[in-house]
Amino acid sequence: TNLAAYLRILVSPILVLLMPLTVFFWASISRLHKSLAIVAIAGIMALTVASGQRKDIADLLITLPLVGLASHWANVTVFSRRTRVTLLIVVLAGSATFLGYFAYSHISRVGESTAFFAANPATGQLPDEDSAIVSVIPEDVQPGAFAFMNYVTTGYYGLSLSLEREWKPMYGVGHSMFLTRNAERFMQGASVEPRSLPVQISEKDGFRYPVLWCTAYPYFINDLGTYGVVVLMLALGALFATSWIDTIGRQEPIALAVFWLLAVLVFYLPATNRVLQDGEGVVSFYILVGMYLFMRRRVTA
């Protein structure tokens, strides 16, 4: 319901902390807390599968090894060699399971014949049957494999279309679909959403927004322009590095949360602006980053 969605937005900075803090401080939390955290994380994964989504599972697989590595290097949860091997096997098995689920859900979404046809949904291009990559992929795995390739490469085609469209500054609401649509709703008649580059290529080039991804960059260009995005990437890189340093050096929980969010954001840059597209992501990102910068300023002052 809408009420549940708004409640999740309000408490999103707390919800974001669940997975990274559980993994990072695993050795120092009680069995009860471990059990409750595992149940909660499993519940989130179950809701993701039930709603036909895949993003929460992918986020977990992306960040779990990074957070575990940070905890080990910070001497918070020191993993033995045997445990490291076991965790590696678990991550690899989880990744294989996710890819299988990805292929299954893709076929159920688009239909079996469309999935096996394997055309790129944006460009209409078919896989090159003479390609060395295609030849080594088993036939029954190909629909899922090609769909995954389309997900991580089609965004650059959307980016190229975006760079050919007119830039219309959106003054801080263009980098997030949540902010763009709410600005459109509150500023009736202002035509906020049509200014967005992803919306422009949807209307003029048939690159359907937000079904097809155009990388994260056009969303940032909406607010900052092309050259502004270069400066933004440098700033995000610096923030990513400092949050990693503070996570390992000072075991700072808020730094860990910021590192986790940035890890997801950076991983999805070739596809879309994953972290900041919905209300939960926007609220949790800006509150936690603001808290981190304020606390870091006090520490270094």
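Setting aside neighbours within four places in sequence, His-175 is in contact with Tyr-219, Phe-220, Asp-223, Asn-273, Leu-276, Gln-277 and Tyr-286, where contact means heavy atoms within 4.5 Å. This is a predicted model, in which local features need pLDDT of at least 70 and side-chain atom pairs count only at pLDDT 80 or more, while totals for chains, interfaces and linings use all residues. Residues are numbered from 1 along each chain as its sequence is written, and side-chain values use heavy atoms, with hydrogens and water left out.

Back to His-175. Its place is in the loop between H8 and helix H9 (177–186); helices are DSSP runs of H or I, at least four residues, numbered from the N terminus. His-175 counts as buried because its relative accessibility is 8%; buried means under 20% relative accessible area, exposed over 50%, and partly exposed in between, with a 1.4 Å probe and protein chains only. The side chains of His-175 and Asp-223 make a polar contact at 2.8 Å. That term means a pair of N or O atoms within 3.5 Å; within protein, one must be able to donate a hydrogen and the other to accept it, and residues adjacent in sequence count only if both atoms are side-chain atoms.

Next, Arg-195. This residue lies in the loop between H9 and H10 and, at 29% relative accessibility, counts as partly exposed. Not counting residues up to four places away in sequence, Arg-195 touches Lys-168, Pro-169, Met-170, Gln-200 and Asn-222. Pro-169 is 26 residues from Arg-195 in sequence, and 7.6 Å away C-alpha to C-alpha.

Gln-200 belongs to H10 (residues 197–205) and is buried there, as are Leu-197, Pro-198, Val-199 and Ile-201. The buried residues of H10 pack against helix H8 (142–163) and helix H11 (217–250).

Terms used
Helices (H or I, at least four residues) and strands (E, at least two) are DSSP runs, numbered from the N terminus.
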